[in-house]
Amino acid sequence: SMTLSNLPAGAQASVVGYEACDKAYRHKLMSLGLTRGTTFTVLRRAPLGDPIEIQVRGFSLCLRQGEASVIRIIQEDVCAP
């Protein structure tokens, strides 16, 4: 399955679930707004890929590569105007 850590800058996706991880950790991610069905955009990635900055629910959030690899996503199709 695809995870947030696989997305390039500019990509849009939606959260579909989480990989197996600690319940408290999953709860932390959900409290940051990364619940199922939430759409987000990857704003940018650091030169070495860590951290990743996303825009979710109207704010910017930086996640480490390890955190992003837990979030299962489905990439949105973006149509050019």
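Guide: A residue counts as buried when its relative accessible area is under 20%. This model is predicted, and the mean pLDDT of the protein is 89, with 95% of its residues at 70 or more.

Visitor: Why is Ser5 called buried?

Guide: The relative accessible area of Ser5 is 13%. The cut-off is under 20%, so Ser5 is buried. Ser5 sits in the segment before strand 1. Apart from residues within four places in sequence, Ser5 is in contact with Arg45, Ile52, Gln65, Ala68 and Ser69.

Visitor: What makes the pair Ser5 and Thr3 a polar contact?

Guide: The side chains of Ser5 and Thr3 are joined at 2.9 Å. A polar contact needs a pair of N or O atoms within 3.5 Å, and therefore the 2.9 Å between Ser5 and Thr3 meets the distance limit.

Visitor: Why does Leu61 count as buried?

Guide: Leu61 has 10% relative accessibility, and the limit is under 20%, so Leu61 counts as buried. Leu61 belongs to strand 4. Neighbours within four places aside, its contacts are Leu32, Leu34, Ile52, Glu53, Ile54 and Val56.

Visitor: How far are the C-alpha atoms of Leu61 and Cys21 separated?

Guide: The separation is 20 Å, for two residues 40 places apart along the chain.

Visitor: What makes strand 3 mostly covered?

Guide: Of the five residues of strand 3, four are buried. Strand 3 also has the highest mean pLDDT among the elements, 95, whereas helix 2 (residues 65-68) has the lowest, 89.

Visitor: How do you know that strand 2 and strand 3 pair?

Guide: Pairing requires at least two bridges. Strand 2 and strand 3 have five, in the antiparallel sense, with Arg45 opposite Ile52. They form a hairpin with six residues between them, where Gly49 in the turn has a positive phi of about 90 degrees.

Visitor: What joins strand 3 to strand 4?

Guide: Five bridges join this antiparallel pair, and at least two are required. Val56 stands opposite Phe59 in strand 4. This hairpin has two residues between its strands, and Arg57 in the turn has a positive phi of about 50 degrees.

Visitor: Why is one side of strand 4 and of strand 5 left without a neighbour in the sheet?

Guide: The open sheet has five strands in the order 4-3-2-1-5, paired antiparallel. Strand 4 and strand 5 stand at the edges with a single partner strand each, so one side of each has no neighbour in the sheet. From one strand to the next, the twist averages 45 degrees. Strand 5 is joined to strand 1 by five bridges, and Arg72 of strand 5 stands opposite Gly17.

Visitor: Which residues have the most contacts inside the largest nonpolar core?

Guide: They are Leu4, Leu34, Phe40, Ile54, Leu63 and Ile71, in a core of 19 residues. Strand 1 (12-18), strand 2 (39-45), strand 3 (52-56), strand 4 (59-63) and strand 5 (71-75) each give two or more residues to this core. In soluble globular proteins, nonpolar side chains tend to be buried together.

Visitor: What does Leu63 touch?

Guide: Residues up to four places away aside, Leu63 touches Leu4, Leu29, Leu34, Asp50, Pro51, Ile52, Ile54 and Ile71.

Note on methods: Residues numbered from 1 in each chain as written. Predicted model: local features only at pLDDT ≥ 70, side-chain atom pairs only at ≥ 80, totals over all residues. Heavy atoms only, no water. Core = buried A, V, L, I, M, F, W, Y, C linked by side-chain atoms within 4.5 Å. Buried < 20%, exposed > 50% of the residue type's maximum accessible area, 1.4 Å probe, protein only. Contact = heavy atoms within 4.5 Å. Axes fitted to C-alpha atoms, helices over the stretch in contact; angles between N-to-C directions. pLDDT = per-residue confidence, 0-100. Polar contact = N/O pair within 3.5 Å; in protein donor to acceptor, adjacent residues only side chain to side chain.
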